[in-house]
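Please find below a short note on the structure that you sent for comment.

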Amino acid sequence: MRRASQIVAEVLDELVAAVRPGITTDELDRIAESSTLKRGARPAFKGYKPGDVVYPKSLCVSINEEIVHGIPSSRKLKTGDIVGLDYGVVYQGFYGDAARTVPVGDVPEATMRLLRVTREALYAGIAQARVGNRIADISRAVQEVAEKAGYSVVTDFAGHGIGRRLHEDPQVPNYFRRGMPNPRLQEGMVLAIEPMVNEGTADLEILSDGWTAVTADGKLSAHFEHSIAITSNGPEILSERANV
Ligand code: MF3
Ligand code: CO
């Protein structure tokens, strides 16, 4: 799982380096796919079919008011956009999954703040991923960072366990509500923690492509994700690029 997540981190680094005004999201998809195959892994999302509609591409690219699961196309990135890059691979039967949101060229300081806070919410959640805590400790920490900054957390999607499948139990919600399943965290568990944070309402809609989730009010959304392992020494961020 370490190697699977490291491949995701390496591919995301390449994608972030390729982001510039004028590049199409299909070009990013092709970079992700070829870079993955070169490393002896395969894309995890392509062909994934949790419901009625199969996911057709390797990468999820979500621009501006798109929250998650944007499908690569001939659309070009432009200056002032923010772009969420969400990527997963399978390596020797094990999955890795991570996401980052980055600016395209210069964006307003208020937009940079949304990106910063969403990343901070992820790291606050990761800090709670310790033996003896429960899922809700992660959820609460994520929610608190986002809401204290004046933003909302998306409640219609959650993080998840990850391992020999992309989505395993337990679910890792980005908010807390009484009565939700709240298992204890155990050594050896691997979780994908993935806050989606909105400038405005948490309400969302799904576009007619069956995948793209957009904010109901058209305001911006950001998404950061890491695959992390719970060890006796605390959380290990598997999808953070190791120093090379
Ligand atoms: N990181 C996202 C998730 O865990 C990506 C899934 S895209 C899909 O839900 F196509 F595989 F669904
Ligand atoms: Co995920």
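**Note on the predicted model**

1. The protein chain contains four helices and 15 strands. Its radius of gyration is 17 Å, close to the 18 Å that the globule rule gives for 244 residues, so the chain is as compact as a globular protein of that length. The model under review is a predicted one.

2. Along the principal axes, the C-alpha trace of the protein chain spans about 50 × 40 × 40 Å. Of the 244 residues, 52% count as buried. Among contacts between residues at least 6 apart in sequence, 68% join residues at least 24 apart.

3. The accessible surface of the protein chain comes to about 10,900 Å², and carbon and sulfur atoms account for 47% of that surface. As for charge, the chain carries 28 positive and 32 negative side chains. The centres of these two sets lie 4 Å apart.

4. Helix α2 covers residues 25-38 and has 14 residues. At 1.5 Å a residue it should span 20 Å, and its end C-alpha atoms are 20 Å apart, which agrees. After α2 comes Gly40, whose phi is positive, near 80°.

5. Which residues of α2 are buried? They are Thr25, Asp26, Leu28, Asp29, Ala32, Ser35 and Thr36. An α-helix has 3.6 residues a turn, so residues three or four places apart point the same way. The cover over the buried residues of α2 includes the helix α1 (2-18) and the strands β1 (42-43), β2 (60-63) and β4 (82-91).

Terms used: Residues numbered from 1 in each chain as written. Chains lettered and ligands numbered in written order. Predicted model: local features only at pLDDT ≥ 70, side-chain atom pairs only at ≥ 80, totals over all residues. Heavy atoms only, no water. Helix = DSSP H or I, 4+ residues; strand = E, 2+ residues; numbered from the N terminus. Rg over C-alpha atoms; globule rule 2.2 N^0.38 Å. Buried < 20%, exposed > 50% of the residue type's maximum accessible area, 1.4 Å probe, protein only. Contact = heavy atoms within 4.5 Å. Areas by Shrake-Rupley, 256 points an atom, 1.4 Å probe, with all protein chains shown as cover. Lys, Arg positive; Asp, Glu negative; His and termini not counted. Charge placed at Lys NZ, Arg CZ, Asp CG, Glu CD. Expected span 1.5 Å × (residues − 1).
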